[in-house]
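Me: I've got a model open and want a quick walk through it. Can you take my questions as they come?

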Amino acid sequence: MRYVVFLSAALGAVLLYLLSQASANTAASSNHYTILLALNIGLATALFFLVGFQLWRLYRQMQRKVMGSKLTLRLLGAFALMAIIPGLIVYSVSVNFLTRSIESWFNVKVEAALEGGLKLGQNALDIMLTDIKQKGESMALSLAFQPSMTQLAVLNDLRDKSGVQDAVLLTLQGRILAFSSSDPTSFLPELPSIPQLRQARQHIYGTIEPILGKGLYLRVLAPVTMTEFGGETRILQLLQPVPKTLSDTAESVQEVYQDYQELSLSRKSLQEVFALTLTLVLMLAMLSAISIAFVVSRRLTAPLGVLAEGTRAIARGDYGTMLPVHGSDELGILVQSFNSMTTQLGEATEAADRNRASVEGARTYLETILAHLSSGVLALNDKGELRTHNVAASHILGVSLGHFTDRHFSSLADEFPALRDFASSILTQFEGAKEGEWQEQMDIVTAQGNRVVLLRGTRLPYSADSGFLLVFDDITAMVQAQRDAAWGEVARRLAHEIKNPLTPIQLSAERLEHRLASKLTGADAEMLSRATATIVAQVSAMKTMVNEFSEYARAPALNLDEVDLSRLINDVLGLYEPADVRLHVGLQPDLPLVLGDATMLRQVLHNLLQNAQDALEGKTDAEIAFDAVVQGDTVKLSVQDNGDGFPLEIISRAFEPYMTTKRHGTGLGLAIVKKIVEEHKGTIRIENREQGGASVVVTLPYIKTPVRDQAGSPKSRRQTDAAARSAVNKKSAVNE
Amino acid sequence: MLGMAFLLLACISLAWANTSNLLIKSAELQPVDDAYVLHANFDVNFSAVVEEALNKGIPLTFLIEFQVVSPRRYWFDDEVTTVSTQVVLSYHALSRQYLVNRENHQDIFTSLQEAKEDLAHLRDWMVLEKSLLKKGEPYAAALRIRLDQSQLPKPLQVEAMGSESWNMVSQRYRWIPVFSL
């Protein structure tokens with residue numbers, strides 16, 4: 001397109017030059033004038049179409065919202081205006097000027113003067129012609145009376161006298177009879193034409209004649225009526241050149257006159273020609289200017305399009321595209337800056353992505369840690385709303401915290417009244433605490449019963465994420481273990497300290513009776529024997545108690561083996577035959593084997609049944625239900641009675657030693673039972689039945705696959721057992 | 001009735017006078033020694049505009065073109081000869097006469113009518129050598145006369161471009177000449 005534009009502009013310049021040359025130079029290029037004109041018109045038309053095509057293309061681009069097309073239009077408008085306005089002014093002025101100046105060439109005075117000059121020339125020639133005519137008449141008269149023999153001499157004579165250049169005597173047919181000339185170079189006279197001869201037959205005839213190659217001549221033909229040959233007519237021709245100066249002047253006047261006439265005749269067309277030429281010049285110039293303006297504005301806006309493309313690429317997130325840089329002007333620099341900006345953006349984005357990925361990784365890592373933390377973690381923001389929690393927190397609290405996120409923490413208390421103390425205590429602590437940590441231990445009631453939790457809270461440093469962080473652990477088991485250990489210690493010491501004096505006391509009492517029984521009589525003797533019997537009995541009771549204590553504290557090593565629970569239960573129930581209690585036994589047939597110590601388990605069963613029986617003492621319609629079923633991967637044993645049940649205040653601490661409702665009893669029964677069950681990796685739970693009475697549920701894990709069917713060798717099984725045993729031992733060691 | 005007819009005739013002749021035209025009435029080739037000469041009669045009419053231009057001193061150049069071809073059926077005709085000649089008609093203001101110039105020859109006429117008559121008669125234009133012709137071959141001749149506009153002054157050329165008065169071109173006069181070889 002650019003080349004087409006420049007080519008046509010150059011062609012237009014050449015054509016215009018030729019046209020102006022043709023307008024100026026009359027003769028040489030006149031042949032080509034019309035061709036040039038036509039070529040120029042053709043070129044103008046072509047340029048017109050070119051501009052039209054360019055405009056159409058621009059319009060299409062604007063419709064497609066191509067970047068830079070509007071700017072192109074504006075630049076184009078500016079350029080075109082710059083070209084068109086001065087062009088039009090120059091054009092209108094020149095056309096006006098031209099028309100006026102052409103008009104000014106023609107005026108009446110000049111025309112009259114020229115015509116007068118021409119007339120003057122004509123008159124001068126006429127006068128000369130008249131003179132020659134007179135000479136011709138007189139010569140014709142003289143010749144008429146001469147004999148033909150002397151004609152030539154007379155003709156010479158007469159010509160000499162009259163001073164005419166050529167004199168010829170002719171017949172009517174134009175045959176030369178005599179010829180006389182003062183010009184020695186002339187051999188043959190210029191003969192008149194037939195019509196002229198015919199005209200001269202009657203009377204004298206004179207004309208002014210431009211003779212080819214010789215100039216202007218005066219020709220006079222006079223009839224000569226010869227007296228000699230019976231009135232035969234001859235023609236005398238006189239030929240006289242018009243004097244050089246006169247003829248030149250007259251000719252030049254005529255030429256100018258003709259030029260003037262020609263001009264005035266073509267005045268209108270002359271104006272048209274000039275106007276046409278000017279219009280063509282204007283059109284070619286304008287159209288070329290507009291075409292070039294197109295190219296220039298396109299060149300100017302091309303980098304904008306490139307930039308727009310680049311911007312779009314960046315908007316798409318493509319930082320890889322580099323824009324082509326051309327030119328070292330400001331636009332080139334702009335494109336370069338854009339490129340470097342793109343590079344930096346790309347690097348920044350990459351870095352941001354990397355950072356985000358690492359932050360994400362860190363967060364995921366943190367979340368994983370939180371999720372696998374056994375401690376519950378809660379984070380509150382400044383307004384006391386729950387922001388983060390982990391699985392352990394929900395687990396410990398026995399509440400799904402998921403839907404409390406972004407709600408005020410007190411709403412937890414509203415929905416779960418059991419957690420009111422927990423929530424309010426935390427909020428109070430946070431509101432009160434300025435900096436640093438706080439720690440508190442508190443009891444909360446959950447679905448799993450009373451839990452002891454240790455709370456540790458801290459205020460997070462002031463930032464966007466400021467707030468409070470709460471970490472809490474379920475230390476129920478630990479507290480329990482501590483308590484158990486403490487009780488074990490107490491029991492051991494008590495047993496030790498009490499056991500020692502008991503034997504001497506018993507021996508002393510027996511000795512007293514032995515020594516004094518013979519010496520006393522009557523009532524004294526009886527009193528003695530009663531007292532000593534009481535002492536001995538009480539001492540033995542105390543011994544039993546002390547033994548129990550030591551048994552509790554001793555934590556005997558378990559002797560684990562496969563135990564057939566059904567047989568064990570049947571054995572125990574066989575020994576146990578209450579008098580006034582109805583016993584319901586519900587045993588699931590083929591109970592699986594349990595890994596355990598048969599003796600211990602027997603004691604557990606015995607204890608539980610004894611407890612139940614004790615609870616039913618003095619009750620009519622007493623009954624005990626004993627069930628053993630498989631539940632999940634455990635065997636569930638439950639002993640239920642319809643007694644008074646546990647008092648509420650001790651139900652949560654029923655497994656602690658010396659918690660007893662019995663009038664006589666060490667309160668160690670359930671404690672020992674719990675210890676044994678836990679050493680068997682089982683659980684024990686007590687609750688009061690809704691219809692009255694207590695229920696104790698013991699679960700024990702059973703051996704999933706019998707040893708015989710196991711793929712592994714019996715030896716590996718033994719190892720597992722040993723490992724389990726050692727683990728149990730370790731635990732009991734800790735408890736001690 | 002007769003008057004009406006005259007009026008009509010006058011109108012036609014007036015209209016005729018207002019449009020320039022050139023017409024070839026007749027043309028014939030005549031053998032002379034070992035060549036052929038062309039005689040032709042034209043009908044020459046000038047419109048008022050052209051006549052005015054002539055009287056103001058603008059010379060009119062006429063081109064007479066003659067061509068002999070040997071027609072061929074399936075191809076362009078074979079050109080035997082193409083000749084042209086110039087006749088210039090001009091007005092000499094000083095002597096108030098019309099000049100007709102042919103090549104090196106000049107005729108002078110006192111009236112335009114005579115000059116036109118002279119222009120209308122083409123005599124003894126040697127156009128064809130006999131040696132160019134072959135016996136038994138068919139030939140076709142064509143003649144045309146036109147005003148050479150490129151010889152006009154430039155402004156008039158522009159005006160002449162679209163003007164009916166200046167567009168003086170005769171139709172091509174074609175005939176089959178009989179050559180006695």
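Me: How many residues of chain B are in contact with chain A?

Reply: This is a predicted model; local features need pLDDT of at least 70, side-chain atom pairs count only at pLDDT 80 or more, and totals for chains, interfaces and linings use all residues. Residues are numbered from 1 along each chain as its sequence is written, with chains lettered from A and ligands numbered from 1 in the order in which they are written. As for the contact, 20 residues of chain B touch 26 residues of chain A. Contact means that C-beta atoms, placed from the backbone, lie within 7 Å.

Me: Which elements of chain B give two or more residues to that side?

Reply: They are α2 (48–55), β6 (105–109) and α4 (154–161) of chain B. α4(B) gives the most, with seven residues. Helices (H or I, at least four residues) and strands (E, at least two) are DSSP runs, numbered from the N terminus.

Me: What is that side of chain B like by class?

Reply: Ten nonpolar, six polar and four charged residues. Ala, Val, Leu, Ile, Met, Phe, Trp, Tyr, Cys and Pro count as nonpolar, Asp, Glu, Lys and Arg as charged, and the others, Gly among them, as polar.

Me: Switching to chain A. How many helices and strands?

Reply: Chain A has 19 helices and 17 strands.

Me: What should α8(A) span, and what does the model give?

Reply: Helix α8 (residues 267–315) of chain A has 49 residues, so at 1.5 Å a residue it should span 72 Å. The expected span is 1.5 Å times one less than the number of residues. The end C-alpha atoms are 69 Å apart, which agrees.

Me: Where is the kink in α8(A)?

Reply: At Thr301(A), shortly before the proline Pro303(A), and it is about 35 degrees. The bend is the angle between axes fitted to the seven residues ending at a residue and the seven starting there.

Me: And what follows α8(A)?

Reply: Gly317(A), with a positive phi near 90 degrees.

Me: Which non-glycine residues have a positive phi?

Reply: Asp590(A) is one of them, with phi near 40 degrees. Asp124(B) is another, near 55 degrees. Most residues other than glycine have a negative phi.

Me: Where does Asp590(A) lie?

Reply: In the loop between β12 (581–587) and β13 (593–596) of chain A.

Me: Is Asp590(A) buried or exposed?

Reply: Exposed, because it has 7 C-beta neighbours inside 10 Å. Buried takes 20 or more other C-beta atoms within 10 Å, exposed 12 or fewer, partly exposed in between, with C-beta atoms placed from the backbone.

How values were computed. Contact = placed C-beta atoms within 7 Å.
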